[in-house]
Amino acid sequence: MSSMIAVTTTELDERQREPLLHNPRSLSNEEEEEITNTPSTSSSNASPPPTQRLLSLDVFRGLTVALMILVDDAGGAFPCINHSPWFGVTLADFVMPFFLFVVGVSISLVFKKVSSKPMATKKVMQRTIKLFLLGLLLQGGYFHGRHNLTYGVDVGKIRWMGVLQRISIGYLFAAMSEIWLVDSITVDSPMAFVKKYYIQWMVAFLFCTFYMCLLYGLYVPDWEFEVPSTNLFEHEFGTKIVNCGVRGSLEPPCNAVGLIDRFFLGEHHLYQHPVYRRTKHCSVNSPDYGPLPPNSPGWCLAPFDPEGILSSLMAAITCFLGLQFGHILVHFKGHMQRLCLWSVCSFIILITGYVFELLGVPLCKPLYTLSYMCITAGASGLALTIIFYIVDVKHFRKPTMILQWMGMNALIIYALAACDLFPAAIQGFYWGSPENNLVDDTESLFQVMLHSKKWGTLVFVIVEILFWGLVAGFLHLKGIYVRL
């Protein structure tokens, strides 16, 4: 990681043009002045002076990182905030769309003016590859996380997809469309706005159509997988056959998303602990993990990747929608204009998602269904609208300072906290036995003090988030930002 850290102040201007996930600021001083300045004819909608930065994106990104830590570390104690076992949405199911949406908004600002399309394309490709490889390192199986003082991965079973890999795919599609599919006309009317970006909208529509055609039209035959002899459920190991022979199923064993991943990636390279193991079919403690119920179906032990190929294609549409919100930020200078347009667009997207659900397209994060995409993207737009109003319009910034710091160094906090690199490293120093370490003992202390295991865990996670906020604040104070 040290090779990715730059501390010299002379590089700050370059950082300010980087995408949101990769550096603390998304705008240079010149771009910031143009975007945050409101014409002097507006009195009630006046924007802050040019020296004020657009901080709502940092706060939104920091909030997303904090939510990721919360649901990952406290989701076991509170299954209601953990990922939905299959259909439906919970708090955890909004984290990934929030990330993708903010990336899309950032791209519209970074590539507002492209002097050289080939050079911009080269930088996008380089950053995509770096982000994908970092995700492969963090989530490919090399690091084993908390409670496991080992590392290393069988390359024959490395997991190819993951959170950062999905973000890299969304970033690639959205950035390339912003570089190559935008008309160079000046936006001076609503019609000019449509003419400038209509090709992007057509591409997004084609992506959605392609996804829906495969999801409902692809035939899923019977398939088999290997249950390892080391499975934790004392289930009979060996080859298991999953009977499908259907088309258009969205259930865990027989959907087109899993079929495509098994064909292109191979079952050994998929996530081996899928979320549907918390369904009532696969867990007596549903919606939490637990022992297999009697006569549970064999597919309960089958692998499935929640960040697979086809679902990542639909996830890229969330980046496209964030891109359009960023276009509003660029071309409309009045704060109230932006707030009104964002609110209207967010509610339209939300209503569209509910309509799709009523038409029979269920909310499902592992499949990233069209209804799920619309509802989470609409919620992302509303969240950005509220944060923008609080932080950049009303200037209530002190209460959000910790989230702003976390957003400025989201990448390093994600790697160290959300991917458990730091807790696992601390657990490596123990006394007597590996269970006696600073991390576990601190969590146990809170549980004893509150006489509750789950509430003690929640307090521990809140303290953990505050800790990383202060670490991010220290890095910001020293001018240290981690980027790819």
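Visitor: Is Arg397 buried or exposed?
Guide: This is a predicted model, where local features need pLDDT of at least 70 and side-chain atom pairs pLDDT 80 or more, while totals for chains, interfaces and linings use all residues. Residues are numbered from 1 along each chain as its sequence is written, and side-chain values use heavy atoms, with hydrogens and water left out. Buried means under 20% relative accessible area, exposed over 50%, and partly exposed in between, with a 1.4 Å probe and protein chains only. The relative accessibility of Arg397 is 13%, so this residue counts as buried.

Visitor: Which residue does Arg397 meet in a salt bridge?
Guide: A salt bridge here is a side-chain nitrogen of Lys or Arg within 4 Å of a carboxyl oxygen of Asp or Glu. For Arg397 the N to O distance is 3.6 Å.

Visitor: Which residues are linked with Arg159 in a network of salt bridges?
Guide: Arg159 is buried, since its relative accessibility is 8%. Asp305 is buried too, at a relative accessible area of 0%. The residues linked with Arg159 in the network are Asp305, Glu307 and Lys365.

Visitor: What angle do helices H5 and H6 make, and how are they oriented?
Guide: Axes are lines fitted to C-alpha atoms, for helices over the stretch in contact, and angles run from 0 to 180 degrees between N-to-C directions. Angles under 35 degrees count as roughly parallel, over 145 as roughly antiparallel, 65 to 115 as roughly perpendicular and the rest as oblique. H5 (residues 117-139) and H6 (residues 163-180) have axes 8 Å apart and an angle of about 170°. The two helices are therefore roughly antiparallel.

Visitor: How many nonpolar residues does the contact of H5 with H6 have?
Guide: Ala, Val, Leu, Ile, Met, Phe, Trp, Tyr, Cys and Pro count as nonpolar, Asp, Glu, Lys and Arg as charged, and the others, Gly among them, as polar. By class, this contact of H5 with H6 has 2 charged residues, 6 polar ones and a nonpolar count of 18.

Visitor: Which peptide bond is cis?
Guide: Most peptide bonds are trans. The cis bond has an omega of about 15°. Pro287, one of its two residues, lies in the loop between H8 (256-264) and H9 (309-331). The bond joins Ser286 and Pro287.

Visitor: What is the phi of His395?
Guide: Most residues other than glycine have a negative phi. His395 is in the loop between H11 (370-393) and H12 (401-408), and counts as partly exposed because its relative accessibility is 38%. Its phi is positive, near 60°.

Visitor: And what is the phi of His451?
Guide: His451 lies in the loop between H15 (438-450) and H16 (453-477). With a relative accessible area of 74%, His451 is exposed. Although His451 is not a glycine, its phi is positive, at about 55°.

Visitor: How far apart in space are Tyr372 and Phe94?
Guide: Tyr372 lies in helix H11 and is buried, because its relative accessible area is 0%. Tyr372 and Phe94 are 278 residues apart in sequence, yet their C-alpha to C-alpha distance is 9.5 Å.

Technical notes:
Helices (H or I, at least four residues) and strands (E, at least two) are DSSP runs, numbered from the N terminus.
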